[in-house]
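Subject: The structure I promised you

Hi there,

Here is the structure for you to open alongside this email. My notes on what turned up in it follow below.

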Amino acid sequence: MSIVLAASTLGLTARNTVAARSAPAAMLDADTYRRERRYAQLPCGDVAYLDRGHGPATLLLHGFPLNSFQWRGVIARLSNERRCIAPDWLGLGYTRVARGQAVTPAAQVEMLIALLDLLQVRTVDVVANDSGGAIAQLLMTRHPERVRTLLLTNCDVENDSPPTALLPVIEMSRKGQFVDQWLAPWLADKKLARSPQGIGGMCYQFPEHPTDEAIDYYLSPLCQPAQKPWVHAYALGLTPNPLAGIEPLLKQCRVPTRILWGAGDDIFSQASPDYLQRTLGNPRGIRRIPGAKLFFPEEYPDVIVEELRNLWAA
């Protein structure tokens, strides 16, 4: 029987919080990430991805406007026991999109299947964040035979997709202004990026995040003139609701799914983990992290790895 671990009864100790911030285990830096980055030549484009380690494959799906560098801490900790595959979405990161290619969540699912087929990977354990969580839900309901388990962190659900907080970003993208008005100033001024008005204050719990290195790695490709329209297309692809009508499919799906939710996130609804728990066909409970915001997987890689191992052992 699934057990819901609420913040009031679980929580994280001060020691765990310090560990999340200091991250004593090895962390892949940007130079290493650049050296190990590969490109899969697919009909949809040249998909940038990291493929590190050996063993059963884990597929790591990042958020918007980040790229797979979001998972560097998890990959560093996990790749000695698992094959970690972390792609950059069509329209984001270092992926080069083919002319005329859609970059909607449905198109991202098709890209993932093509990538896994190219890599000769039949089944994967999936961990996903933000809009990557919406794509993960589409993946496991459309291709349940390809997904062994799923760890969902803060993300879209059918009744909160896209979230209200994202609507200004979508409107700016519709006008072709999002990159220049938000991302470019953050790239130019790292302190602004970490301020309450920046991606740091909005999406991270701790004031040292995102680091200068992470800001450069995330935002530099998106601010290139040729990439800007793809970034805007990605945002526009999040509306209308890409999860409309998915609830019956989630109820039928037997993929074991664990929910790990940042309780300090004010972008996605704090009611969403409970919705998922009662909707999923094979839920494995909720764990809430006090104070954690949307992009907490970057700050809590040890917790992600702990939850993955527990899910796989269940």
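**The largest cavity**

Leu66, Ala193, Ile199, Tyr204, Pro210, Ile215, Tyr218 and Leu219 line the largest cavity. On a 1 Å grid over the protein atoms alone, a cavity is a set of points where a 1.4 Å probe fits but cannot get out, and lining residues have an atom within 4 Å of a point. Before I go on: this is a predicted model, in which local features need pLDDT of at least 70 and side-chain atom pairs count only at pLDDT 80 or more, while totals for chains, interfaces and linings use all residues. Residues are numbered from 1 along each chain as its sequence is written, and side-chain values use heavy atoms, with hydrogens and water left out.

The space in the largest cavity comes to about 40 Å³, a volume being the space filled by probe spheres set on grid points that are joined across faces, edges and corners. A search of the whole structure finds one cavity of 30 Å³ or more. Helix 10 gives the largest share of the lining, three residues; helices (H or I, at least four residues) and strands (E, at least two) are DSSP runs numbered from the N terminus. By class, the lining has eight nonpolar, no polar and no charged residues. Here Ala, Val, Leu, Ile, Met, Phe, Trp, Tyr, Cys and Pro count as nonpolar, Asp, Glu, Lys and Arg as charged, and the others, Gly among them, as polar.

**His209**

In the loop between helix 9 and helix 10 (212–219) you will find His209. His209 counts as buried because its relative accessibility is 9%; buried means under 20% relative accessible area, exposed over 50% and partly exposed in between, with a 1.4 Å probe and protein chains only. Leaving aside neighbours within four places in sequence, His209 is in contact (heavy atoms within 4.5 Å) with Arg194, Gly200, Tyr204 and Glu299.

**The largest pocket**

About 330 Å³ of space lies in the largest pocket. Of the 21 residues lining this pocket, Ala165, Leu166, Val169, Cys203 and Ile267 are the closest to its centre. Helix 7 (178–188) and helix 9 (199–203) are the elements that give two or more residues to the lining. A pocket is an open set of points with protein on both sides within 12 Å along at least five of seven lines. Its lining residues divide into 17 nonpolar, one polar and three charged.

**Strands**

Six of the eight residues of strand 2 (residues 45–52) are buried. Strand 2 runs antiparallel to strand 1 (residues 38–42), with five bridges joining them, and two strands count as paired if DSSP finds at least two bridges between them. A hairpin links strand 1 to strand 2 through two residues, and Ala40 has Val47 as its bridge partner in strand 2. Strand 2 is also joined, again antiparallel, to strand 4 (residues 83–87) by four bridges.

Strand 7 (residues 147–155) is largely enclosed by the rest of the structure, because eight of its nine residues are buried. It pairs with strand 6 (residues 124–130) in the parallel sense over six bridges, and Asp125 has Thr149 as its bridge partner in strand 7.
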